[in-house]
Amino acid sequence: MKSIIAHELVKTYDKGAVKALDGLSLEVEEGTVLGLLGPNGAGKTTSVRVLATLLTPDSGSATVAGIDVLKHPDEVRKVIGLSGQYAALDETLTGWDNLTMFGRLYHLNSSGAKKRAEELLEKFSLTDAARRPIRTYSGGMRRRLDLAASLIVKPKVLFLDEPTTGLDPRGRMEMWDVIDELVKGGVTLLLTTQYLEEADHLADSIAVIDTGKVIARGTADELKNQVGSERLEITVEVEQITEATKLVEQVSGVTPSVDLGIRKISAPVSNGSASLIQVLRLLDEAKIHPLDIGLKRPSLDDVFISLTGHVAEVVVEPEVGGKNAAKRK
Amino acid sequence: MLQSVSDFLVITKRQLLQMIRIPEVLIFATIQPAMFVLLFRYVFGGAIDSGVEGGYVQLLMPGIFVQTVAFTLAATAVGLAADMQKGLIDRFRSLPISRSAVVIGRTVGDTLQNVVTLIVMGLVGFLVGWRPSSGPIKIFLGFLFLLAFGYSMSWIGVIIGLSVREERVAQNLVFMTVFPLTFLSNAFAPTTGMPKILQYFAEWNPVSTMVAACRELFGTENVFGATANSWPSQNPILMSLIYMFLLVAIFAPISVRKYVKVSK
């Protein structure tokens with residue numbers, strides 16, 4: 001069953017001059033994670049705002065958990081959780097105050113709200129900070145509390161708008177763990193992000209959006225393959241360049257490109273890490289010690305530039321990916 | 001219905017909690033009007049010959065009370081603009097709560113803050129010689145009137161807060177409009193000194209009718225508003241009630257509509 005369906009959503013601002021959404025359509029299967037990937041201003045937040053009943057589109061339709069978003073927004077609000085890119089909490093109040101307040105607003109009774117607040121604080125490792133005002137929290141703690149606030153009634157569908165933007169690497173990893181945990185619990189999740197890596201890690205399938213439209217759909221692998229494979233890059237001493245180049249060619253099967261100035265040899269490889277190990281072994285046998293070696297994965301920039309360059313050819317059916325993509329990790 | 005009431009009470013409670021969590025805000029919000037009482041009492045009080053028993057402070061206190069509650073509009077506007085800016089309004093709007101809960105909760109919360117402010121101001125006033133002479137019932141009614149006026153002004157604040165969406169803009173806008181309104185009135189000085197056209201405005205200014213009503217309820221003759229025998233200055237209590245009714249009747253529905261439609 002489809003938990004989220006958006007059909008031809010259009011939203012314009014300034015009397016049509018700015019098109020935030022330009023016929024956006026997407027579907028999310030129940031219990032799966034869709035990563036909505038795109039640069040700033042692509043329409044990610046606007047999509048989430050429409051689906052979470054905060055914004056009325058000019059045209060188009062949408063259902064969330066089988067409920068029409070435009071006709072029955074109140075019903076939709078009962079089954080969704082929303083956590084934004086800025087932590088939407090009352091900064092002057094404590095973590096405890098915030099969670100009990102939202103609990104009451106979700107119509108739990110007083111003791112129910114307190115019990116739920118305790119559970120969530122425990123679950124998100126915030127028990128120690130519970131009695132401190134939010135303004136003393138770190139960025140990561142705020143996001144976790146913000147997420148906790150969206151989980152008070154165990155939503156069927158969860159929207160996370162750029163949950164890790166602005167977090168340091170540690171905060172991001174912690175957030176990923178928390179989200180992984182949620183996904184295992186079976187929630188349907190729509191997640192927006194600017195980072196391919198994040199979509200890759202968390203999502204079952206990815207929709208790339210630009211200028212208010214979905215321009216490509218598929219699993220992370222499918223999208224990357226459209227861009228081209230990973231590149232193996234190694235840097236060696238000047239005198240070893242010729243020999244090392246031969247070895248790289250042997251593994252990759254194509255003539256590597258060589259930059260003599262920075263002594264870097266690079267070549268596309270199909271099965272990234274296996275190739276890397278193979279090259280390392282060959283280099284070791286030849287007693288060549290690389291100064292630097294690594295796989296360069298296609299970045300969002302690569303994916304994006306490539307996709308916006310030839311939109312028509314890249315649309316992949318969303319069903320192809322399915323659930324296995326995420327389990328690959 | 002019951003659910004709506006409990007929703008807005010939760011929002012109101014949030015504001016009371018804020019007062020407890022950062023008491024500085026309430027302290028400063030109270031010091032400012034108390035300071036105004038002292039400044040006006042000793043700066044203007046010596047210069048203006050009030051001609052009423054007990055001196056200028058008897059006329060001043062109702063004026064400064066009304067000015068303070070008129071600024072409830074500012075508290076509401078700034079508070080809501082800040083919530084908008086932080087995305088808190090978005091979160092509230094994504095919750096299954098009644099559409100009017102957040103704005104009603106806000107206006108009621110700001111009114112409760114006024115209770116504290118008015119008590120402190122009243123005490124400071126008493127220390128510097130304010131002696132309302134109308135008896136406890138009328139004095140109580142006077143304060144009730146002030147709270148009701150603050151509450152109705154608060155609804156204009158809702159619209160400003162949701163429209164400008166930025167704390168500082170809200171603050172500037174409110175000060176630019178409310179300050180002239182409170183001075184183009186009989187609050188601090190007789191309107192007779194004003195140019196004719198301003199006198200006319202001052203007669204009909206809701207601040208003037210409120211001040212006149214409070215002077216009546218606190219038992220002081222309104223010698224600052226006796227320039228013309230206009231209807232509002234003859235019937236300040238009735239006129240103030242009409243103004244309050246109109247403010248709520250017009251701005252409350254607009255505010256709720258605005259809240260439902262508002263988008264960042």
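Predicted model: local features only at pLDDT ≥ 70, side-chain atom pairs only at ≥ 80, totals over all residues.

**Chain A as a whole**

- Chain A contains 12 helices and 14 strands.
- Taken along the principal axes, the C-alpha atoms of chain A fill a box of roughly 75 × 45 × 35 Å.
- Chain A has 329 residues, of which 47% count as buried.
- When contacts in chain A between residues at least 6 apart in sequence are considered, 69% of them join residues at least 24 apart.
- The domain assignment divides chain A into domain 1, given as 2–225 + 303–327, and domain 2, given as 229–296.
- The centres of domain 1 of chain A and domain 2 of chain A, taken over C-alpha atoms, are separated by 40 Å.

- Strand β1 (residues 2–13) of chain A runs antiparallel to strand β2 (residues 18–29) of chain A, and nine bridges join them.
- One of the paired positions is A:T12, whose bridge partner in β2(A) is A:K19.
- The two strands β1(A) and β2(A) form a hairpin, with four residues between them.
- A:D14 lies in the loop between β1 and β2 of chain A, and its phi is near 50 degrees, a positive value in a residue other than glycine.
- A:D14 is exposed, because 7 other C-beta atoms lie within 10 Å and the limit for an exposed residue is 12 or fewer.

- A:L307 is found in helix α11 (residues 300–309) of chain A.
- A:L307 is buried, because 21 other C-beta atoms lie within 10 Å and 20 or more are required.
- A:L307 and A:K19 are 288 residues apart in sequence, while their C-alpha atoms are 20 Å apart in space.

**Nonpolar cores**

- In soluble globular proteins, nonpolar side chains tend to be buried together.
- The largest nonpolar core has 147 residues, and those that touch the most other members are A:L51, A:L190, A:V208, B:V66 and B:C214.
- Helix α7 (residues 136–164) of chain B gives the most to this core, with 12 residues.
- Leaving aside residues up to four places away in sequence, A:L51 touches A:I4, A:A6, A:A62, A:V64, A:V69, A:F159 and A:L190.
- A second, separate core of 12 residues includes A:A244, A:V248, A:V251 and A:A267.

**Contact between chains A and B**

- Chain A contributes 22 residues to the contact, and chain B contributes 19 residues.
- On the side of chain A that touches chain B, the elements giving two or more residues are α2 (73–79), β6 (80–83) and α3 (95–105) of chain A.
- The largest share of that side, four residues, comes from α3(A).

- Helix α1 (residues 2–21) of chain B has 20 residues and reaches 28 Å from its first C-alpha to its last, close to the 28 Å expected at 1.5 Å a residue.
- The buried residues of α1(B) are B:D7, B:F8, B:V10, B:I11, B:T12, B:R14, B:Q15 and B:Q18, and what covers them includes α3 of chain A together with α6 of chain B.
- Helix α2 (residues 23–47) of chain B has 25 residues, which at 1.5 Å a residue should span 36 Å, and its end C-alpha atoms agree with this at 36 Å apart.
- A bend of about 30 degrees occurs in α2(B) at B:R41.
- B:R41 is also one of the buried residues of α2(B), along with B:P33, B:V37 and B:F40.
- These buried residues of α2(B) pack against α3 (56–70) and α6 (101–127) of chain B.

Conventions: Residues numbered from 1 in each chain as written. Chains lettered and ligands numbered in written order. Expected span 1.5 Å × (residues − 1). Bend = angle between axes of the 7 residues up to and from the residue. Contact = placed C-beta atoms within 7 Å. Core = buried A, V, L, I, M, F, W, Y, C linked by C-beta atoms within 7 Å. Pairing = 2+ DSSP bridges. Domains from an automatic or database assignment.
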